[in-house]
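The sequence and structure come first.

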Amino acid sequence: GAGEDAVMVDGVGQQLTAAEAVADVRTLQVGRPCEAREQEESLQQVDENIFELTGADVAAMMRSKTAKDKEPAFKTKLMREKERDAKLAKFTHVPVRVTFPDRSWIQARFLAGETLADLYSFMRSNIASDRAFYLYSTPPPQRVPDDKNAVLKYSQLMPAAKLFFSWEAPPATGPFLVTQHLTAMAATEEEEAKQRAQNKANAAQARAQAEAAPAVDEPASGGAEGGEAGAAGAAGAAVAT
């Protein structure tokens with residue numbers, strides 16, 4: 001019933017159905033590289049460095065492996081799962097960006113309890129063809145399965161992921177995204193181009209005004225003091241006379 005569908009409460013205390021909860025969390029974005037602008041897009045405002053394996057990450061992985069090697073043999077599977085769930089509890093959403101062969105991309109957030117099959121379903125609803133496709137991560141190239149039993153928070157996509165798109169069979173060409181998204185990207189790029197042109201014009205105008213402004217003469221240093229000294233000298237000469 002309606003009560004059973006209410007699975008989430010938003011920021012103002014309104015109950016949301018399962019479908020509404022998913023739509024509320026998605027915050028879908030699309031884009032493509034543009035040589036004329038800085039690449040400012042980020043994965044749901046997640047720092048891009050999260051996708052880079054740093055020395056600290058390697059050290060943490062080594063510590064984790066060492067700790068795991070030292071785990072008592074009697075530690076049960078249930079105990080390990082509880083520990084894992086405790087560590088993952090802070091991750092409620094999984095930002096995912098998928099890049100297409102033409103370098104355009106789509107990104108969205110998923111609930112940590114959704115599955116890889118939900119990710120594939122999302123992609124099917126946003127691409128322009130019903131051709132078979134798959135997603136993969138790299139490096140090394142690793143195919144992401146369309147698995148309804150693979151929960152995101154337990155997958156390799158945590159805490160955020162950058163994936164790539166490929167058709168199952170040639171040709172590898174597009175279009176990839178639905179027309180709605182292509183139109184949105186074109187409108188955004190047009191607006192950005194206008195803004196860049198306006199900024200350029202404003203900068204040129206500011207430079208021209210600065211160059212045309214008359215030079216301000218600096219007062220001669222010691223002018224007043226010199227006048228006073230001259231007057232004092234004249235008075236002294238008169239007294240001497």
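A polar contact is a pair of N or O atoms within 3.5 Å; within protein, one must be able to donate a hydrogen and the other to accept it, and residues adjacent in sequence count only if both atoms are side-chain atoms. Helices (H or I, at least four residues) and strands (E, at least two) are DSSP runs, numbered from the N terminus. At the start of α5, a side-chain oxygen of Thr 115 comes to within 3.3 Å of the backbone nitrogen of Ala 117.

This is a predicted model, in which local features need pLDDT of at least 70 and side-chain atom pairs count only at pLDDT 80 or more, while totals for chains, interfaces and linings use all residues. Residues are numbered from 1 along each chain as its sequence is written, and side-chain values use heavy atoms, with hydrogens and water left out.

**Overall description**

The protein contains seven helices and eight strands. Of its 241 residues, 23% count as buried, where buried means under 20% relative accessible area, exposed over 50%, and partly exposed in between (1.4 Å probe, protein chains only). The accessible surface is about 16300 Å², and 55% of that surface belongs to carbon and sulfur atoms; the areas come from the Shrake-Rupley method with a 1.4 Å probe, and for residues only the protein chains shown count as cover. Among contacts (heavy atoms within 4.5 Å) between residues at least 6 apart in sequence, 66% join residues at least 24 apart.

Helix α5 spans residues 116-124, and its buried residues are Leu 116, Ala 117, Leu 119, Tyr 120, Phe 122 and Met 123. Ser 129 is placed in the loop between α5 and β6 (133-137). Is Ser 129 buried or partly exposed? Ser 129 counts as partly exposed because its relative accessibility is 22%. A polar atom of the Ser 129 side chain lies 3.0 Å from the backbone nitrogen of Arg 131. Ser 129 and Leu 177 are 48 residues apart in sequence, with a C-alpha to C-alpha distance of 8.4 Å.

**Salt bridges**

Side chains of opposite charge can pair when their charged atoms come close. A salt bridge is a side-chain nitrogen of Lys or Arg within 4 Å of a carboxyl oxygen of Asp or Glu. The whole structure holds five salt bridges, among them the pairs in the table.

| Pair | Closest N to O distance |
|---|---|
| Glu 189 and Arg 32 | 2.6 Å |
| Glu 190 and Lys 194 | 3.8 Å |

Glu 189 forms its salt bridge with Arg 32, and this pair links distant parts of the chain: Glu 189 is in helix α6 (residues 179-212) and Arg 32 in the loop between β3 (29-31) and α3 (55-69), 157 residues apart. Glu 189 is partly exposed at 22% relative accessible area, and Arg 32 is partly exposed at 27%.

Arg 143 lies in strand β7 (residues 142-144) and Glu 168 in the loop between β8 (161-167) and α6, so the pair ties together parts that are 25 residues apart in sequence. Arg 143 is partly exposed with a relative accessible area of 47%, and Glu 168 is partly exposed with 38%.

Glu 190 and Lys 194 both lie in helix α6, four residues apart, about one turn of the helix. Glu 190 is partly exposed, at 47% relative accessible area.

**Aromatic rings**

Rings of Phe, Tyr and Trp (its six-membered ring) pair if their centres lie within 6.5 Å; planes under 30 degrees apart count as stacked, over 60 as edge-to-face and the rest as tilted. The structure holds 10 aromatic pairs. One of them is the tilted pair of Phe 100 and Phe 165, with 4.9 Å centre to centre and 50° between the planes. This pair links distant parts of the chain, with Phe 100 in the loop between β4 (93-99) and β5 (105-111) and Phe 165 in strand β8, 65 residues apart. Phe 100 counts as buried at 3% relative accessibility, and Phe 165 is buried with a relative accessible area of 3%.

The ring centres of Phe 110 and Phe 122 are 5.3 Å apart and the planes stand at 90°, so the pair is edge-to-face. Phe 110 is in strand β5 and Phe 122 in helix α5, 12 residues apart. Both Phe 110 and Phe 122 are buried.

One aromatic cluster is formed by Phe 100, Tyr 120, Phe 133, Phe 165, Trp 167 and Phe 176.

**Charges over rings**

A charge sits over a ring if NZ of Lys or CZ of Arg is within 6 Å of the ring centre and within 35 degrees of the ring normal. The charged end of Arg 97 sits over the ring of Trp 105, 4.0 Å from its centre. The charged end of Arg 143 sits over the ring of Tyr 134, at 4.1 Å from the ring centre.
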